[in-house]
Amino acid sequence: MKDKFYLVRTGILCLFLVLVLSLTLTMQSGSSIGKNIHFKSEDPQTSGDPNRELIEEIIDIRMNNFSEEGYFPQFYEANLQSIYFALHALDTLDRLNTIDKTSLANIIMSYYSDIEQYFLDSYALRYLDTDFTLVYYPLTTLLEVNCYAILSLNLLDKLDLINPSAFISFIWSCYQPYTSGFIGQPYDTGLASEFKIATMDNTYYAVSTLDLFLSSWDAYQTEVSELINFINNLQETEPPYGFNNDLNDMFYSLEIIPQTEPTIFSSYYCIKTLEIFGPGAISSIRVNDFLTYLYELYDEEYHYFDYTPNSFYRICNISNIVATALGLELADIYNLSNISRTEVLSFIFSHRTYMKGWQSSTDLSYHELIDSFQILRSLNNLGEISQLSTGEKDQLAEYISSYETFNGFSPICHEYMSTTYFADTIEILSLYNEILNFDLEAIYTDLKRSIFYSAPENCEEFFGICHMEYIDTVDGNLLLRSFPIEYWTHGNHDYINELNHQASWRSNFEILSVFKNIYKLEDFAMEMQTDFSNLISKIISTQFLDPSVQYSAYYGGFLPYLYCLNYETGTQIKYMNFEHTYYALRTLELLNDYLDLGELRDIGFDVNAFETHITRHLVENSTELYFEPIYEKSMDSILQNTYYMVYCLNALNDFSLPTYKIRNFIESNLDYGNMHNIYYSYKLVELLDLEINFDLAQTQALVAALYSEEYYDFYRSTEKTIIDQRIFYYICDIAKFSPMNMKTTFPDTIALGKTFSMGVEFGNLVVADYGIYTSVRFESSNLGTIVLERLDNNTYEKSDIFIPTEVANYPEINGNISIYDGLTLKASFPIVINTYYERSITISEQELSNGIRINVEGSYLFGSGIEPLYDCEIFADVFRNGLKTGTIYFTGEDFTTISKFILTYNPLKGGEYEFSLYLEDPFQFEPVLLGNVTYFYLSPVPGENDIPSTYQADIALSIPLVIGCISVPLGVIGFTSRNKLKKKIS
């Protein structure tokens with residue numbers, strides 16, 4: 001069964017894409033997409049932080065590319081097919097000298113498996129994963145991938161890197177012994193029946209590669225005869241008389257759209273294979289019938305060929321430019337006379353549009369590498385390449401280079417952005433306040449092209465590829481013949497774990513998020529007359545609630561898109577993946593917030609089933625807990641899906657899992673060689689407010705280690721096997737939001753009136769500051785706001801902070817060290833500095849004829865110098881024979897550096913007098929005891945004396961006191977006139 005998503009159900013399928021932008025990439029020796037990326041013309045201000053400068057540089061690059069090209073260049077995964085297509089095209093143009101042959105040969109050999117002893121790329125793995133009830137991806141079988149590698153090495157003059165005899169044996173092992181022809185892998189009776197079906201695309205590449213190795217086919221005459229007979233049997237016996245790609249009417253092994261055979265593509269593989277076997281083989285077919293077929297494909301008015309005689313699809317001109325090149329070559333082989341060769345060539349050459357390369361069709365205006373490869377191959381075989389001027393060949397070579405990516409060439413070019421990459425980049429620009437520097441209307445218009453409608457539901461869904469146009473309002477259909485692996489991975493998932501789709505709730509969420517970030521969500525709703533409530537209900541309808549599997553691990557999750565509801569339960573299960581469930585919920589959350597509908601859990605889906613779905617994927621033991629996805633069980637995937645799980649439960653206000661177990665799991669699996677691992681570990685820590693001490697130095701070093709100066713982007717891990725363009729978003733997200741770890745230097749205790757230095761050094765998991773707009777301030781209620789100065793070593797310092805001798809600054813200075821990004825407060829850390837001061841106090845006593853005079857002299861000893869005891873008063877509590885008789889204040893006077901206080905006391909009765917001296921200091925909450933003075937007075941009036949007989953006068957002593965006042969502990973040191981012992985009074 002075919003994936004019905006690719007079927008056109010009713011109506012005329014016509015898609016239009018306007019491609020008006022061009023790349024300027026040229027391929028030099030060791031060239032890369034970097035030559036198409038531009039810096040700002042002015043010299044940027046540097047931050048002094050290498051990672052910060054790296055972030056700012058890449059943002060500048062992306063902004064300039066969008067300004068000049070209209071898109072953010074996307075890297076797609078390389079494969080051996082695309083490497084061969086690109087090399088063949090460049091060789092045809094005589095431009096192979098523009099690449100580094102040795103480097104590319106090494107890239108090709110990196111796909112060779114010493115264990116399997118053949119070449120293996122991800123597309124071949126996807127082929128081995130084929131589930132024929134879902135979809136079959138043509139032209140990337142294991143056999144074809146190996147043929148592409150061999151043919152590429154031949155173009156590079158590097159066939160000496162492989163063992164020809166071993167590959168001859170491998171190719172023949174793919175021969176179908178019963179029907180003839182070649183299948184996509186070594187034949188085995190245990191293979192699935194569809195795998196055992198011989199196809200012409202496999203046969204064409206197998207025979208072409210064998211012909212490269214074999215000096216003669218004489219040793220294989222039996223097989224040659226069988227192959228010729230096999231091809232003859234593929235020719236239709238009734239009109240339209242073309243050739244099918246295989247002998248099974250239910251196996252669509254090559255068709256762009258099912259049920260369109262016989263097509264010009266399958267016919268081409270048949271005739272070109274026969275051509276290898278010689279003139280006799282070419283004439284073995286029913287030639288007149290085939291010429292009738294060719295002529296039926298020919299449009300006499302516009303002089304082009306259609307790819308199929310099916311009138312329904314001919315109206316849409318699907319692949320008619322490519323079909324014209326192939327058709328002309330086939331017509332030339334058989335000398336078809338009733339076509340205008342000149343006009344047909346004119347049609348081909350005049351339809352070089354985008355970057356002077358070819359798109360597939362006059363109506364479906366998007367382009368793939370396979371289009372220009374097939375056209376150039378036919379023009380070369382026709383001997384018409386010479387019609388291209390030197391300049392035109394250079395233009396075409398430049399166009400081919402737009403498919404260059406890390407580790408080779410990709411099936412689609414840099415222009416076609418995934419919604420993920422687009423949304424990530426817009427989010428980054430929003431984080432760094434650059435979004436308003438763009439033409440938001442242009443972004444909005446471009447993204448609307450990705451919409452299609454799921455009729456009759458009238459529900460807006462989005463393709464996962466941006467910068468392409470879809471206009472069909474009945475049933476959108478993206479006809480990319482190369483099926484890029486970033487968008488198509490349907491299969492058994494024994495080899496390929498990702499479950500990518502050309503459209504899903506993920507792409508809906510990402511594009512709606514972009515609309516929100518560029519302030520166009522409301523405009524979109526109004527302009528498109530979009531009923532978001534209807535979209536919510538349609539998303540909810542994709543929750544998998546089939547009662548027949550209510551006890552399975554799939555129950556309660558979400559299907560990736562609406563059309564999956566047309567599949568039977570068994571097929572729906574094959575589309576299930578928790579990532580789809582996560583993005584379905586994120587889309588519901590976005591729309592729920594926009595419409596202000598209240599609690600997300602009350603929006604109408606089965607929350608209990610949803611949470612049950614999560615529970616059935618939890619793995620928990622005595623110390624750890626995590627979410628195990630259905631397919632990919634790598635640590636990267638487990639961490640990511642664990643984050644998805646926690647996010648979903650939090651969004652529903654129903655998270656109750658033991659966080660310490662998740663923390664333990666994160667700590668056990670931190671990998672400082674993998675940014676994907678670090679990012680989702682960090683996101684879990686952030687979401688759950690966990691305490692995990694990340695190694696800042698290792699994480700910051702990882703950013704630099706992953707950066708590719710060639711591609712201006714990042715590898716996923718230090719193994720550097722793949723550029724992952726999500727990594728830059730991860731880095732920016734962490735840089736902006738991960739908590740700052742700050743190291744500060746300032747005195748714990750300092751004297752009032754002194755200056756001190758404050759230093760701040762800070763950083764988070766990625767950056768050491770927030771860039772050129774970073775400011776660090778000490779914000780104190782005591783001292784006001786003090787801005788620290790940035791030093792060359794990326795630290796901040798202020799060296800002359802003065803603490804005024806004010807009451808408000810004792811016993812401590814309180815404040816916050818605050819870090820700002822522009823006007824935005826990013827982090828704030830409270831600090832306390834204890835303050836102290838000293839006092840110098842001298843107490844002297846003078847006996848008078850009828851009393852006593854007490855003199856007190858005192859000064860503040862501040863860090864800024866000696867000052868009088870301003871605003872101070874001294875009083876004495878007076879005791880006679882142990883009983884308090886009153887309180888008397890001294891008279892005082894302030895001088896330049898000293899204050900003098902005098903108390904003259906004339907007793908009325910004799911007795912033992914004790915004076916407890918207190919200082920009322922505005923820096924202290926309570927009076928401070930300075931000391932005690934004892935005086936014995938002998939009254940001249942008889943009967944008024946009460947003098948102990950043992951008394952010996954001890955007066956007229958001068959007592960110096962230096963009283964140090966510190967904030968912790970609060971107290972003074974005092975001296976008494978009687979015993980001069982130090983005594984702590986608190």
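The exercises below, each with a worked solution, concern a predicted model.

Residues are numbered from 1 along each chain as its sequence is written, and side-chain values use heavy atoms, with hydrogens and water left out. In this predicted model, local features need pLDDT of at least 70 and side-chain atom pairs count only at pLDDT 80 or more, while totals for chains, interfaces and linings use all residues.

**Exercise 1.** State how many helices and strands the protein has, and what percentage of its residues count as buried.

Solution. Helices (H or I, at least four residues) and strands (E, at least two) are DSSP runs, numbered from the N terminus. The protein has 29 helices and 34 strands. Next, apply the burial cut-offs: buried is under 20% relative accessible area, exposed over 50%, and partly exposed in between, with a 1.4 Å probe and protein chains only. By this rule 60% of the 986 residues count as buried.

**Exercise 2.** Give the strand order of the open sheet of 4 strands and identify its edge strands.

Solution. Two strands pair if DSSP finds at least two bridges between them. The order is 27-26-30-31, and the pairing is antiparallel. Strand 27 (883–889) and strand 31 (928–937) are the edges, as each pairs on one side only. Strand 30 (residues 911–920) is joined to strand 31 by 9 bridges. Within this region, Tyr 918 has Leu 929 of strand 31 as its bridge partner.

**Exercise 3.** Classify the ring pairs Phe 119 with Phe 167 and Tyr 583 with Tyr 644.

Solution. A pair of aromatic rings is described by the distance of the centres and the angle of the planes. Rings of Phe, Tyr and Trp (its six-membered ring) pair if their centres lie within 6.5 Å; planes under 30 degrees apart are stacked, over 60 edge-to-face, the rest tilted.

- Phe 119 and Phe 167 are 5.5 Å apart centre to centre, with 25° between the planes: stacked. Phe 119 is in strand 2 (residues 118–119) and Phe 167 in helix 6 (residues 164–173), 48 residues apart. Both Phe 119 and Phe 167 are buried.
- Tyr 583 and Tyr 644 are 6.1 Å apart centre to centre, with 70° between the planes: edge-to-face. Tyr 583 lies in helix 23 (residues 578–595) and Tyr 644 in helix 25 (residues 635–651), so the pair ties together parts 61 residues apart in sequence. Tyr 583 counts as buried because its relative accessibility is 6%; Tyr 644 is buried at 1%.
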